[in-house]
Amino acid sequence: MNLAQAFQSPDHQSYHLAGGQPAALLLHGFPGTPAETRPLAEALHRAGWTVDGLLLPGFGPELEMLGQRRHDDWVAAAVQTTRALQQRRHRPILLAGFSMGAAVALLATVYRRSQGLALLAPFAGQMGGIATALPIMRRLTPTIRPFRLFRPDFENPGVRSGMANFLPGLDLDDPQVRHDLQDLAIPTSILDEVRLVGQAAWRTAPAVTTPALLVQGA
């Protein structure tokens, strides 16, 4: 399965919705794209906000390059976009992120302070027992098959909903699609970079004084 080709739709690219003076930067999670932040962006835009949805480096159509990216690249991209909003004199500026994107948003506001944070199901680096092994695994095992490792239940409505947000139009009832997903290999280093950005956000959080909204499901 060539996921990079599956992400060629414009829905998976960065977007800009021009609006009023208040502005929001929306950051997707792992392994998502700006497509998953569109509903929130459109709601904010209807309320008069300017909204930027950022494709983090290495994701979506750039997936083949993901193994060459580090979590610092994701934070730097968010900082750069925030700086651009500040230079256009938008205020207030809200940084909002989902899951891994919430960790990136929190770290970015340390460098370019925003007036607000919205952390949606924020990821803080918890990955179970595999977390302690990842620093070694990334050196010994170049690639990993996440759907074999984590064994998601494709019959579970929550899993199906999440996959639909990740890649709209994916037919999980197709045996070939399931087989291709099981064989999908990603660089082991990326899982470790996701762990690192979550843990960095967790360590940094006590020093952040920006007003923040946390939204976490049961």
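Thr81 lies in helix 3, which spans residues 71-87, helices being DSSP runs of H or I with at least four residues and strands runs of E with at least two, numbered from the N terminus. This is a predicted model, in which local features need pLDDT of at least 70 and side-chain atom pairs count only at pLDDT 80 or more, while totals for chains, interfaces and linings use all residues. Residues are numbered from 1 along each chain as its sequence is written, and side-chain values use heavy atoms, with hydrogens and water left out.

Thr81 counts as buried because its relative accessibility is 15%, where buried means under 20% relative accessible area, exposed over 50% and partly exposed in between, with a 1.4 Å probe and protein chains only.

A nonpolar core is a set of buried Ala, Val, Leu, Ile, Met, Phe, Trp, Tyr and Cys residues joined through side-chain atoms within 4.5 Å. In the largest such core, which has 39 residues, Leu27, Trp74 and Val197 touch the most other members. Among the elements that give two or more residues to this core are strand 2 (23-27), helix 3, strand 4 (93-98) and helix 5 (130-140), whereas its largest share, 8 residues, comes from helix 4. A second, separate core of 11 residues includes Tyr15, Leu17, Leu26 and Trp49.
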